[in-house]
Amino acid sequence: MTRLLPTLVSVAAAGALIAGCGSSDSSDTSSSEAAPTTTAASAPAPAAASDNLQLKAVESNGLSFDKKTLTAKTGTVTLTLDNPGSDSQPHAIAVEGNGVDKDGETVQPGGTSKVTVDLKPGKYTFYCPVPGHRQAGMEGTLTVQ
């Protein structure tokens, strides 16, 4: 009986130690589970990233852009228009549609015009807002998905 008591105490202590280790493993598991949650919470960040679309004004054979169609993701979109130094006229970039109507700054040859807008899915028109340029062919379609 005298030996049985120390053996039972040893077994109980070992059981508590194992249970304690199990709790520690549980905590580790909880920590591991928390990590993907943090990662998942970080996942929307790329959606907040903006699309930067590049265009160039073209004056040969009339007025136009080097692209007639553009595609962007929903969210913040920046259109950048390069007005080459070889051009002879000022140009700008503008976006309209679905409640949006915003113009970039008009720039001389060698300058860059930018417009940044928050866009929802749909079709928009990008164009040069300098009088007469849109009618002469400086417009295109921006599809946001």
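**Notebook: loops, rings and core**

I began at Asn-98, which lies in the loop between β5 (94-97) and β6 (100-103). I note at once that this is a predicted model. The phi of Asn-98 is positive, about 50 degrees, although the residue is not a glycine. Most residues other than glycine have a negative phi. I checked the surface next: Asn-98 has a relative accessible area of 53%. The cut-off for exposed is over 50%, so Asn-98 counts as exposed.

Then I looked up Asn-61. It sits in the loop between β1 (51-58) and β2. Is Asn-61 buried or exposed? Asn-61 is exposed, with a relative accessible area of 86%.

I stepped back for the overall layout. I found two helices and nine strands. Along the sequence the pattern reads α-α-β-β-β-β-β-β-β-β-β. The protein has 145 residues, and 30% of them count as buried. I also looked at contacts between residues at least 6 apart in sequence: 61% of these join residues at least 24 apart. The exposed surface comes to about 8,800 Å², with 56% of it supplied by carbon and sulfur atoms.

Next I searched the whole structure for aromatic pairs and got one. The pair is Phe-65 and Phe-126, with ring centres 5.4 Å apart. Their planes meet at 50 degrees, so I logged the pair as tilted. Which strands does it link? Phe-65 belongs to β2 (residues 64-65) and Phe-126 to β8 (residues 122-127).

Leaving aside neighbours within four places in sequence, its contacts include Leu-55, Val-58, Leu-81, Ile-93, Phe-126 and Met-138. Lys-56 and Glu-139 are also among them.

Nonpolar side chains tend to be buried together in soluble globular proteins. Here the largest nonpolar core has 23 residues. Phe-65 and Phe-126 are among those with the most contacts inside it, along with Leu-55, Leu-79, Ile-93, Leu-119 and Leu-142. I listed the strands that each supply at least two residues of this core: β1, β3 (69-72), β4 (75-82), β7 (112-119), β8 and β9 (139-144).

My last entry concerns Tyr-127. The charged end of Arg-134 sits over the Tyr-127 ring, 4.1 Å from its centre. Tyr-127 is also one of the contacts of Phe-65.

Technical notes: Residues are numbered from 1 along each chain as its sequence is written. This is a predicted model: local features need pLDDT of at least 70, side-chain atom pairs count only at pLDDT 80 or more; totals for chains, interfaces and linings use all residues. Side-chain values use heavy atoms; hydrogens and water are left out. Rings of Phe, Tyr and Trp (its six-membered ring) pair if their centres lie within 6.5 Å; planes under 30 degrees apart count as stacked, over 60 as edge-to-face and the rest as tilted. Helices (H or I, at least four residues) and strands (E, at least two) are DSSP runs, numbered from the N terminus. A charge sits over a ring if NZ of Lys or CZ of Arg is within 6 Å of the ring centre and within 35 degrees of the ring normal. Buried means under 20% relative accessible area, exposed over 50%, partly exposed in between (1.4 Å probe, protein chains only). A nonpolar core is a set of buried Ala, Val, Leu, Ile, Met, Phe, Trp, Tyr and Cys residues joined through side-chain atoms within 4.5 Å. Contact means heavy atoms within 4.5 Å. Accessible areas come from the Shrake-Rupley method with a 1.4 Å probe; for residues, only the protein chains shown count as cover.
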